[in-house]
Amino acid sequence: MNDEANPLLEGLQLRRRPESCAVVIFGASGDLTKRKLFPALYALAYRKLLPEKFAIVGVARSPQTSAKFAAAMKKAVKEHARDPFRQDVWDALSRGMRYVGTDFADAEGEDRVGQVLEEIDAEYGTAGNRLYYLAVPPQAFAITVSEIGKRRHKEGWVRLIVEKPFGRDLTSALKLNELLHTWFREDEIFRIDHYLGKETVQNMLALRFANGIFEPIWNRQFIDHVQITVAESMGIEGRAGFYESAGVIRDIFQNHLLQLLALTAMEPPIDFTADSVRNEKVKVLKSMHTPGPKSVVRGQYGTGFVEGIEVPGYREEDGVAPGSLTETFIAAKLYVDNWRWADTPFYVRAGKRLGRRETTIAIQFQRAPHPPFEAIAGDGLRPNVLLIHVQPDEGVSLAIGAKVPGAGMTIRTVHMDFLYGGAFRTGLPEAYERLILDAMLGDATLFTREDEVEEQWKLVDAILGGWSRDRPNFPNYASGTWGPRSADDLIHRDARSWRRH
Ligand code: BG6
């Protein structure tokens, strides 16, 4: 069935089109630009969601012509876009595309960027509106922000999409926020966490707040605990330079994982404006207390097998120090100390080189209080679980007990499933499509506000403080497994276990 014939897609096309603008990508020769940003811009052009008067400027250190840059991006779109390549769409997208090769610290180079933008305004009618995408290495961040800030245009709007990592601890994040605010207002700053752009993550809000049946039971009285898993089967993919100084706690836990937790635990916002939603998320982050040392475990992968293929351990990866103490796995028991969640544990875990790629949020309800079938139960009366499959196999599934047909009363767990692919019969948009479009529209709902980032770092700093006191015995899990034994101990101590895979 094609998109036009699918009535469930009605309403998806109703979005506002953004005002005329130029998108300026700093760090345009990087992997993110090729793999994510251009494919996303192409997908937006494909669906006619970009403004008519629009242009892209790539800025990076390597010297190259605009034509060469355009050719490289065309290749990237052919390789990575989710839609078939269409020359007419590409022509519309690349019309007016320019490239400026400059060191971010070079004021003259930045003047050239300014000049190019003025030419583009005159030629393409982009009206002085600029969306800057900062995909630059952390050391180039401050200088790039200042140079953009100094040349702030008089007419039109300016917005800044800021890629992660946003600092490496609370102190550096505070500094970055201060620097950004020297030049820009908070509503002009779009700190990206691409997990918030994922359809399934946004569906968490729909599930909770568009359905009357969940809200009354979404609390400590009915929920036994919550499990959040962000598992990846891949390793560090040649990113040792970044990963060695980040580890999973800065790469995934501080941002993606805590955002999933905040969306699961937040109170209903009064509306869906950026500040209402983010106010509620901040409250969750503020209510989280520091986990004790026994409630957090870390791990690092050794050699092992992933999907039948032998893979090296973390310390054998290119660019990783042979005695590296960087963690590639974290598991923690966290609490949200408020009226709704007091004493309800949130078990979370994230890691590289785990059994398979899987991001899930599992809400485990309390057991039935008085099961009359106990003696004859089949696989045991398991508690109900609402499982949100963020990826892959995007969807939601509710585990319930059902009677096995036949004589007697044997109960087995079955699943009521909603699968995106089946229900909407359309491919899901990539997170970056949604986020770039929202930034062009000036909608910051799915971006991280300054106080959110700061709360996230407070928790991370506290955990890191605890870790600095002892030396882990790494590696402590084999690639292709589900993390170190201590992660199992963490949850078994409470007579619970991680969800089966
Ligand atoms: C990025 C991390 O933010 O998210 C990567 O830096 C990680 O290490 C990636 O692999 C995972 O994103 P996704 O969308 O594939 O789950």
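# Briefing: ligand shell, nonpolar core and selected residues

Aspartate 121 lies in helix 4 (residues 107-124), where helices (H or I, at least four residues) and strands (E, at least two) are DSSP runs, numbered from the N terminus. Welcome to a predicted model, in which local features need pLDDT of at least 70 and side-chain atom pairs count only at pLDDT 80 or more, while totals for chains, interfaces and linings use all residues. Residues are numbered from 1 along each chain as its sequence is written, and side-chain values use heavy atoms, with hydrogens and water left out.

**Around the ligand**

- A polar side-chain atom of histidine 256 lies 2.7 Å from a ligand oxygen atom. For glutamine 391, an N or O atom of the side chain is 2.7 Å from an oxygen atom of the ligand.
- Arginine 239 also has a side-chain N or O atom at 2.9 Å from an oxygen atom of the ligand.
- On its own the ligand has 390 Å² of accessible area, and the protein covers 84% of that. Accessible areas come from the Shrake-Rupley method with a 1.4 Å probe; for residues, only the protein chains shown count as cover.

**The nonpolar core**

- The largest nonpolar core has 141 residues, and Phe26, Phe38, Leu93 and Phe253 are those with the most contacts inside it. Such a core is a set of buried Ala, Val, Leu, Ile, Met, Phe, Trp, Tyr and Cys residues joined through side-chain atoms within 4.5 Å.
- Helix 9 (residues 247-265) supplies the largest share of this core, eleven residues.
- Phenylalanine 38 touches Ile25, Thr33, Ile56, Phe69, Met73, Val77, Trp90, Leu93 and Met97, not counting residues up to four places away in sequence. Contact means heavy atoms within 4.5 Å.

- Aspartate 121 is buried, with a relative accessible area of 14%. Buried means under 20% relative accessible area, exposed over 50%, partly exposed in between (1.4 Å probe, protein chains only).
- The side chains of aspartate 121 and arginine 130 make a polar contact (3.0 Å). A polar contact is a pair of N or O atoms within 3.5 Å; within protein, one must be able to donate a hydrogen and the other to accept it, and residues adjacent in sequence count only if both atoms are side-chain atoms.
- Setting aside residues up to four places away in sequence, aspartate 121 touches Thr126, Ala127, Gly128, Arg130 and His153.
- Between aspartate 121 and leucine 93 there are 28 residues in sequence and 16 Å in space, C-alpha to C-alpha.
- Glycine 125 sits in the loop between helix 4 and strand 4 (130-134) and counts as partly exposed at 27% relative accessibility.
- Leaving aside neighbours within four places in sequence, glycine 125 is in contact with Ser20, Lys53 and Ile120.

**Arginine 340**

- Arginine 340 is found in the loop between strand 11 (329-334) and strand 12, and is buried at a relative accessible area of 11%.
- Its side chain is joined by a polar contact of 2.7 Å to that of glutamate 215, and by another of 2.7 Å to that of glutamate 267.
- Among the residues that arginine 340 touches, not counting those up to four places away in sequence, are Arg208, Trp218, Asn219 and Pro268.

**Backbone details**

- Glutamine 391 and proline 392 are joined by a cis peptide bond, with omega about -20°; proline 392 lies in the loop between strand 14 (385-391) and strand 15 (395-403).
- A cis peptide bond also joins phenylalanine 474 and proline 475, with omega about -10°. Proline 475 is in the loop between helix 13 (450-467) and strand 17 (477-479).
- Arginine 353 is not a glycine, yet has a positive phi of about 55°. This residue is in the loop between strand 12 (346-351) and strand 13 (358-365), and counts as buried at 12% relative accessibility.
- Alanine 495, in the segment after helix 14 (485-492), has a positive phi near 60° and counts as exposed at 73% relative accessibility.
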